[in-house]
Amino acid sequence: MNVAVAKTGNGRAVSDLFTSAEGRLPGSPSVIAARREAFETYERLGLPHRRIEEWKYTDLRALVGEVLPLAANPDAAALKRAADAVKAHAIAGARKLVLVDGVFAADLSDVKALAAEAGFRTSRETLEKDAGLLTTAPTDAVISLNAAMATDGVVLDIADGAQLSAPIQIIHIATAASASAFTRSQVAVGKGARATIIESFVAAGAKAYQVNDAVIVSIGDNADVAHIRLMDDAPDAVNITSQFVTVGANVKFNVFNMTTGAAVSRLQGFFTLAGEGSELSVNGVNLLQKTEHGDTTLVVDHAVPNCVSREVFRAVIDDRAHSVFQGRIIVRPDAQKTDGKMMIRALLLSDEAEADNKPELEIFADDVSCGHGATAGALDDSLLFYLKARGLPEKQAQALLIQAFVGEAIEQIADDDLREHVIGIAERWLERRQ
Amino acid sequence: MALLEVKDLKVRVEEREILHGLTLTVNEGEIHAIMGPNGSGKSTLSHVIAGKPGYEVTDGQILFMGEDLLEMAPEERAAKGVFLAFQYPVEIPGVTTMNFLRTALNAQRKARGETELMVPDFLKKVREVSKSLNIPQDMLKRGVNVGFSGGEKKRNEVLQMALFEPSLCILDEMDSGLDIDALRIAADGVNALHSPKRAMVVITHYQRLLNYIVPDFVHVMSKGRVVKSGAKDLALELEESGYAQYEDA
């Protein structure tokens, strides 16, 4: 009997990705069995493509083609480069947890300071015993691939009532070129706790690498949490991140994503409002240039009554870049008095820039207030002329208007220092444009 | 040397000629009023001097302190000392007035090879000027012109004029949309800025504004040309007789 073997563009068998990595993947035999099953799912589905509705605008087969082999464990030289990157990207005062090429780097992290306030383990340690971390719903091929291949990550346990005195910053650093890093992390925030989690994705000299990250977040009742994600990968990198978030009752959860790098990126966030009286705010800015492709896909599921969700997104698209925003708000039959709103605006800086905005409302309750808006357009010539007539050169006039445009989303970050940090990232992006 | 020399200027907008050979000379410190009916080309002249895109100069020239103004980008003209007070100042949400003023002032100073103004010096200057124009400080923290009344927008233009210290101010229909009190405050601001070195070109449809800003010269425009020039009394004559007599000129 002949069995057709799925091949990648380079003629490598898809299954090589797993078999060549298997010895390095943490897990007891039962965990490895779960991984193998996840890999088989991925193998059967392959990379998502445009005929799958959720991936219509981000055809990974066309954009990425092939999943690169697992990056080697970082050696001393790689860790040295990573240490420099940590210095450059660490947020003042934050407790750092550093992952280098998908492997936790204890020496670069502030484990001791963190341990005083929050429970911490690596995903590697967790997976040695238990496959629970590998299970998520919903799932798709890239998530299955992540479950199969995840080498490490961080598992944070913030106790009920804990008031973290400093933000936690998880820094993903790529040092290995033409290789993949798979990470899977979990953050559990206890009842009444207050915490700020920052995630940064950066390169330390690496090119053409791929990141596949998954984060599972649960937030207990009455907690107040901010989650800031800063994706600043190398210009030729690929970053696919999946977030799974469950929100309890009377929670304030404020999420912000900033995309300023990667040739191909997708942030897919699945948020479930599972307790009444919560306020979820998910916002972000994509700054895209050259031929970058940046996709933000969000599903906000109002499973219970009396919750508020807000989504404010801004995309600035230059050259031949392509921005995708897909936002779905689901209101379950019981979720009366839901207040869900979503506003996405795209600014096109060139004739060849492209924006696809797809808002979707699925409402099964009858007493709700939901709405969405999407716009795409160029900079206003009359505003540009006004600024030029006051002495601003073209690029500077544009920069001022772009800052104002993205400001509406950045304003949603409550913490003054973090907001200033994000404004700084936007300013540097604009300076690079000039 | 004249401050501004417009010589036989011909301007087209989308194939249609709007200015058919306009000539105007403004010297340092002079106040000129340009009057005329709607569609006579008054605003076109102000836009071409400021460098607004969309106008094609087919003939003639504009010299500013002897230099060819038409060769310069709008921002270069601003840095050289040309200031257009807009008929309809735009609203810029998300850019605070304070940030805008500082960015613009420093861009002009940089273009002239001067050092940037330090923040305390800048703030001091803004506070002085805004106080004299009766502009509350909280207005400066809001987005440029966002939610401003007509009078506030015009005062914001005068505030910029005071900060940027141009040598030529063109006021395009400054009186439009203003009640008499708002007009007086704006005009007082303009008069305070008039100096032997700073010239003003006041573009207006009505004589009313010229009760507050008294011109040295009045020019009547009709159909893209200056058809009559005279002293300030000409404005009063126009108020009596109207523009009809010039329509066939």
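Trainee: Is B:Lys223 buried, partly exposed or exposed?
Mentor: B:Lys223 is partly exposed, at a relative accessible area of 46%. Buried means under 20%, exposed over 50%, and partly exposed in between (1.4 Å probe, protein chains only).
Mentor: Keep in mind that this is a predicted model: local features need pLDDT of at least 70, side-chain atom pairs count only at pLDDT 80 or more, and totals for chains, interfaces and linings use all residues. Residues are numbered from 1 along each chain as its sequence is written, chains are lettered from A and ligands numbered from 1 in the order written, and side-chain values use heavy atoms, leaving out hydrogens and water.
Trainee: Where does B:Lys223 lie in chain B?
Mentor: In the loop between β11 (217-222) and β12 (225-230). Strands are DSSP runs of E, at least two residues, and helices are runs of H or I, at least four, numbered from the N terminus.
Trainee: What about its phi?
Mentor: Phi of B:Lys223 is near 50°, a positive value in a residue other than glycine. B:Asp8 has a positive phi too, near 45°. B:Asp8 sits in strand β1 (residues 4-13) of chain B.
Trainee: New topic. Where is A:Thr338?
Mentor: In chain A, in the loop between β16 (322-331) and β17 (339-348). A:Thr338 is buried, with a relative accessible area of 1%.
Trainee: Which residues does A:Thr338 touch?
Mentor: Among them are A:His302, A:Cys307 and A:Cys370, not counting residues up to four places away in sequence. Contact means heavy atoms within 4.5 Å.
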